[in-house]
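I opened this model to get my bearings. I wanted its parts first, then what holds them together.

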Amino acid sequence: MSELKFLSPINAEQLTTLNGALTLTDVGAATKILVRAGSETTAATYLSTSFGCSREIIDGVLVCGTRPDEWTLYAAPEMANEVIGTIPEEGFVTVLDITHGRAMIRISGSCSSLALAKVCNIDFADDMIPDGAVFSAAVAGVSCDLIRNDQTEGRSYLLTCERSFGRYLFVALADAGIEFGFDPPEGWTLH
Amino acid sequence: MTSCNRLPERDGEIINRSECLTFTWNGRTYSGFSGDTIASALAADGVDVFSRGMKYHRRRGILSADHWDPNLLVQVGDEPNVRAGHRRLTDGMSVSAQNVWPSLRLDLGSLNQIVGRFLSAGFYYKTFMRPKFMRPLYQKILSRFAPGGRVYWENSSHDIYDKRYSHPDVLVAGGGPAGMAAALAAADKGASVMLVEHEYQLGGHLLWGCSSDRMTAAVLESSVRDHRNIEILVNSTVTGRYDHNWVSVIDRSHPEFPERLIRARAGSLVVAPGLLERPYIFAGNDLPGVMLSGAVRRLINLWAVKPGQRAVILSANSQGDETIADLRDAGVEIVAELDARKGGTIIAAQGRGRVSKVTLGDGRTVNADLLVVATGWTAPTSLLNMAGDRPVYDPIAARYFPVSLPNEVLATGGIVGDGSIEELVEHGKSTGDLAANRALRLRHKRRKSLIWANNPDHPAPDEIPDNRSQLLRSPHPECYRSTTHGMVDMSEDVSSKDLMQAATEGFDSIELMKRYTTVTMGSAQGKLETVNAAAVLAESHDVPLADIGTTVWRPPFAPVTLGALAGRIHEPIRRSALQDWHEAHDATPLLAGLWIRPDHYGDAYSEAENVRSNVGIIDVTPLGKLDLRGPDVPKLLELVYVNRWQKLEIGRVRYGTMVAEDGVVLDDGVTGRLSSDHWLMTTTSSGAGAVWEMLEDWLQTAHPEWNVHVTPVTGGLTSINVAGPKSRTLLERLVTGIDLSSEAFPYFSVRKGTVASVDNCIIWRIGFTGELSYELHVPSGFAIHVWETLLEVGADLGISPFGVEAQRILRLEKGHYIVGQDTDGLTKAPSVGLDSLVKLDKADTLGLPELRAAYARNDLPVLVSLQPVDGSIVPDEACQIVAEDSNKILGRITSSRMSPTLGRSICLGQVHPTFAISGTIVTVLLVDGSRIPVTVMENHAHVDPEGERQRV
């Protein structure tokens, strides 16, 4: 019998440059919860994160104001029930587990903004996209939500997109990173 | 080969004499040094002739010794049209002349000179017009004379080109003294700066100037390189400026890519390209040995190449005067110095392989192998033109100057005036200050308006006025043409005589003349010839040059390879969670829209037959899926579908069709009600995005008061269609908690449950194949587990996967139409047989007025099923249905396949309503021109029209 385990749409090993200036990681297994609620709802009050911003709430759950009256919550894998359970449901509120519906990639390192600049027409300067910023943009032609989510090691971005684009997006980012020292496996480049 | 013209080591030379490079020119081995261009290395080795003219195939040598030199286009390996005046020499390079036959030395194309009088401007418009039927032949022959190098379509070696984006506050186009000063000043103000220089080194004309000039350049360059706010791109060109300061830059300096297109959004653009030297028009001005003064100075001072032995020089400016000093310093004998400011001129140059005699304005003829002209400057205002400026000619300075620039574009350096190095630097600095001020104010505004940006904690910089001291315009004689005729455009072999003839023929506008004569349309793209062409036109009309105007300079400023424009192509591909499995099992891929799908696993007919007899599974994930939540979902569905939705019970499914506001069928699918406020809508694969946008559009604009949340869940739910008479048996082994019997789970129902231990699956009893079938929507992270479990558990039932092709066969047998294939952009609801579905009495539905109008008509095409009388013939899709005795079009075949169930060909097609009656024989015109009779059938379904198989 086939094994019942979550499979990410990307399902790739982490790529990193020798100097550590760029790392690309498939984090598709992360729990992803979509919340849509009017600003007058208790859910909105609870999430308390404005559009374009992100903040970490209890136990490492990252709340992102992805669109007006819309939030996406990211947490460690297999935490959907716990995260959903914390969200007040009074009023017209939609809470949807979109873990299976989105691919998620983390790109980190001092060269990460340079690599992203090869595939995304956004000004990644620190004052335009500071740590915590949340925005949407086309990355290599794929509509993505992006989060500047710096780690202790430094600059880092999370990208999520519709699941079916995940593999392509990872390949496009891996391809963009070749200039900085990535050595993707055969078949994991655009050319 | 000895470097016969190489001078002893000189201060300021940019060649590295310790690194010798070997290359071939037309098969013969030569050598040069690192830092040489192809042209400088060949010139050092005594080569005079580099190319032949396009039309008359006259010999051509160095003219400007830079990127714009029209005479220095060569083939390097399999790369055509390489600019030998710019491209640096590399070891092992294979360089050859292009557009010559059989050789550069003996080119039979030069016979055109004999018939030159018949090849004047526009000759092909006059000559090759009649007879009309000969035009294809003319075209074929003329194309053989097209200039340019050889393109190796089949086996060219090409590298990977690249693209990137950039958002500098200030982008400076031009790395001369003014450009560098502007970059430094802007960077000092805190602006991020991108400095782009066309040549390989910063410094502009200072590089071939005196030691003091070179020192100034070195100091500026050092400061620029040390500044952390400045990104320097040399051997790169700003090729275009577009709206909102979108600036394209071609970067040729990257170590890994031959060219990279940088798409920069600049806060301010500083245009500092300097000036280009323009040629002088006289008889023989295209002979090898006739050079611009800048070319001579570069050859001597940058590459230590002696450009000739005996020189005549015509000078109208200080650069010409400095060239005389350089020539003397290089050991060139000056046989005549002519000062154009005092009326000096050249009448003609003569020679065979190279100039040998020069006739001066006073009538004297002197022997010389080098004729240097320094007769004026062209302001390369292209980027300013692209910013909306229309530069105006100043007869005192004999060149054009910018007039009116948008706030975010500034100009500095020679393009705006003349001055000492200090004055140019000072102007550059004040321009950089201004550019930074404007850019930083814009950045401040953006940071305040972007919700995710760092809201600045300081006010915007105060606006500083543009109080730059203006650079003066030095007087310069208007030197354009001598008393004789010569070449104006050496790229296109257009002479001043041609231009005057065109003017006489009535092409008296510079734009018309350009198109008629092709002047300025060659490789130099007007950089050297635009002003001279306008001057000749002005002369022919006897009007001031200022009244002539100029041609409009459009992007790109410099030629760009197609590779750079294409770059890395981002064409997203969508993959279902099962695509890895499909590929591992040798599925033939099919690209359907953005999705890659399994077309078949080897034999589509067998796959289809297995569905009819056993059970098959197909990955239908691309099916659009929208999660709808809220109490007002029925109102939304009533609005967008042509049928009714208010009373659909929980657990039931309904088919719906959407039409656009013009009544044309837009999309279709089934929607199921999972709970009172939770629905799941399916759409066509290709229509998913458009339908989502449409729903959001109506919700956000027309009905914001409705409580509905729409969430696309296409990729999150992997869709597996389980079809075939044994499908229920199979699912009963894997589905828990749901009674799958026909009574408990009838056709067009939906349930939530567990499949193969995977929770939160949605199970639909619907189908597209005409068989008993179920559609499983499973969380995609577990899709592969469910898929493999189905195959494992169903092995004894004869299960096998089937692909898109088998599905198409099966649905055609069943007569289901596909929106976009069996309908088109004109197909309205009555055409596809939706009569019972469409509710014209609804209060409101998108396209309702058009639907009512459509149902009042009786002339709309009708979708019918068709069967060729000869069942072995499968008409191609899109074959026309025509009248029996003519080619009058009555309709078309929209779908066709060989049916494995019926053993004959079957079709769907749209026909004129007169021929839509069952039993009518219509004629189909096949691709090979033959005609076959085809019968219109009674029902859309060729197989099981009563639907007994799917309702068991």
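My entries follow, from domains to sheet to cores to the chain contact.

**Ground rules.** I am reading a predicted model, where local features need pLDDT of at least 70, side-chain atom pairs count only at pLDDT 80 or more, and totals for chains, interfaces and linings use all residues. Residues are numbered from 1 along each chain as its sequence is written, and chains are lettered from A and ligands numbered from 1 in the order in which they are written.

**Domains.** I looked up the division of chain B. Its parts are domain 1 (1-148 + 279-375), domain 2 (162-275 + 381-449), domain 3 (601-811) and domain 4 (850-952); the bounds come from an automatic or database domain assignment. The C-alpha centres of domains 1 and 2 of chain B are 30 Å apart. Their contact takes 9 residues from domain 1 of chain B and 7 residues from domain 2 of chain B. Contact here puts the C-beta atoms, placed from the backbone, within 7 Å.

**Sheet.** Next I traced an open parallel sheet in chain B, ordered β11-β10-β9-β15-β27. Strands are DSSP runs of E, at least two residues, and helices are runs of H or I, at least four, numbered from the N terminus. Two strands pair if DSSP finds at least two bridges between them. Which strands stand at the edges? They are β11 (230-233) and β27 (409-411) of chain B; each has a single partner strand, so one side of each lacks a neighbour in the sheet. Strand β15 (residues 268-271) of chain B pairs with β27(B) over 3 bridges. I found B:Val270 bridged to B:Leu410.

**Cores.** I then checked the largest nonpolar core, which has 161 residues. Such a core is a set of buried Ala, Val, Leu, Ile, Met, Phe, Trp, Tyr and Cys residues joined through C-beta atoms within 7 Å; buried means 20 or more other C-beta atoms within 10 Å of the residue's own, with C-beta atoms placed from the backbone. B:Val170, B:Val172, B:Ala183 and B:Leu371 have the most contacts inside it. Helix α4 (residues 177-188) of chain B gives the most, with 9 residues. Domains 1 and 2 of chain B both give residues to this core, so it lies between them. Another core, of 89 residues, lies apart and includes B:Leu734 and B:Val838.

**Chain contact.** Last, I looked at where the chains meet. Chain A brings 47 residues and chain B 43 residues. On the chain A side, α4 (166-177) is one of the suppliers of at least two residues.

Key. Two residues are in contact if their C-beta atoms, placed from the backbone, lie within 7 Å. A residue is buried if 20 or more other C-beta atoms lie within 10 Å of its own, exposed if 12 or fewer, and partly exposed in between; C-beta atoms are placed from the backbone.
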